Amino acid sequence: MTNTEDRRQRRHHREFRIEEPLWGAEERARLRELADQVSALLVATKGSAAKPAGPRLSESDLAVAATALWRARKKLTGVQDRVAKQAGRYLSASQEALDAAGVLIQDHDGDLFDSGLALEPLVFQDEPGLTSERVVETVRPSVYLAGRRIQMGQVIVGCPVAPGTTAEEADAGHP
């Protein structure tokens, strides 16, 4: 045992210290040979594991699939048809599988809008009755994979109507 190893062992109580193995030079050489073989095997295994077994799903493909699932679920919301309910259960199962895989689909309907948010506003339109800017419609949801955004959401933002604006002017989008 070297001095450094000996000092490390002295940090621990006597009962927990590890004694130097009583191996001869031949046994140490054999151990070194086995360690080299294991290292070579690990390197070979990593090399084969790094190669994709088949076509891989890209993040953009995953975002497209998640968006389609979100749209289908949104279309079926409130529908009381038996077939629609069954389709809704399949979509829920798909959603749960994506959730388990670390995919989060975020709908922004009704959220307060701030220009600092990671959202792409497609349209700003006057909305009577609003007191602050809010997302009135999510056109495309934000999609996250393991907490990292892979698709930026697109939204329509409702703005409060300026005082003195008539309803016709608000509908036309001009104050």
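Predicted model: local features only at pLDDT ≥ 70, side-chain atom pairs only at ≥ 80, totals over all residues.

Guide: Residues are numbered from 1 along each chain as its sequence is written, and side-chain values use heavy atoms, with hydrogens and water left out.

Visitor: What percentage of the residues in the protein chain is buried?

Guide: A residue is buried under 20% relative accessible area, exposed over 50%, and partly exposed in between (1.4 Å probe, protein chains only). The chain has 175 residues, and the buried share of them is 19%.

Visitor: How far apart are the end C-alpha atoms of helix α4?

Guide: Helix α4 covers residues 82-100, which makes 19 residues. The expected span of a helix is 1.5 Å times one less than its number of residues. For α4 that should be 27 Å, and this agrees with the distance between its end C-alpha atoms, 27 Å.

Visitor: Within what arc do the buried residues of α4 fall?

Guide: The buried residues of α4 are A84, G88, L91, Q95 and L98. Seen down the helix axis, they line one face of α4, because they fall within an arc (taken from the directions from the helix axis to the C-beta atoms) of 75°. An α-helix has 3.6 residues a turn, so residues three or four places apart point the same way. For the buried residues of α4, the arc is 75°.

Visitor: Which exposed residues does the other face of α4 carry, turned away from its buried side?

Guide: The buried residues of α4 have cover that includes α3 (59-76) and β1 (103-106). The face turned away from the buried side carries the exposed residues R82, R89, Y90, E96 and A100.

Visitor: At the start of α4, which residue's backbone nitrogen does a side-chain oxygen of D81 reach?

Guide: A polar contact is a pair of N or O atoms within 3.5 Å; within protein, one must be able to donate a hydrogen and the other to accept it, and residues adjacent in sequence count only if both atoms are side-chain atoms. Here the side-chain oxygen of D81 comes to within 2.8 Å of the backbone nitrogen of V83.

Visitor: Which elements do the buried residues of α3 pack against?

Guide: In α3, the buried residues are L62, A63, A66, T67, L69 and W70. They fall within an arc of 160° seen down the axis, so they line one face of the helix. A contact means heavy atoms within 4.5 Å. The partners of these buried residues are α4, β1, β3 (134-140), β4 and β5 (148-151).

Visitor: Is S142 buried or exposed?

Guide: S142 is found in strand β4 (residues 142-145). Its side chain reaches the backbone nitrogen of G153 at 3.1 Å, and among the residues S142 touches are L104, H108, L119 and M152. Because its relative accessibility is 0%, S142 counts as buried.

Visitor: Which residues form the aromatic pair?

Guide: Rings of Phe, Tyr and Trp (its six-membered ring) pair if their centres lie within 6.5 Å; planes under 30 degrees apart count as stacked, over 60 as edge-to-face and the rest as tilted. The structure holds 1 such pair, which is edge-to-face, with 5.7 Å centre to centre and 75° between the planes. One partner lies in the loop between β1 and β2 (119-126) and the other in strand β2, so the pair ties together parts that are 11 residues apart in sequence. The two residues are F113 and F124.

Visitor: What is the phi of A146?

Guide: A146 lies in the loop between β4 and β5, and at 69% relative accessibility A146 counts as exposed. Most residues other than glycine have a negative phi. A146 is not a glycine, yet its phi is positive, about 55°.

How values were computed. Helix = DSSP H or I, 4+ residues; strand = E, 2+ residues; numbered from the N terminus.
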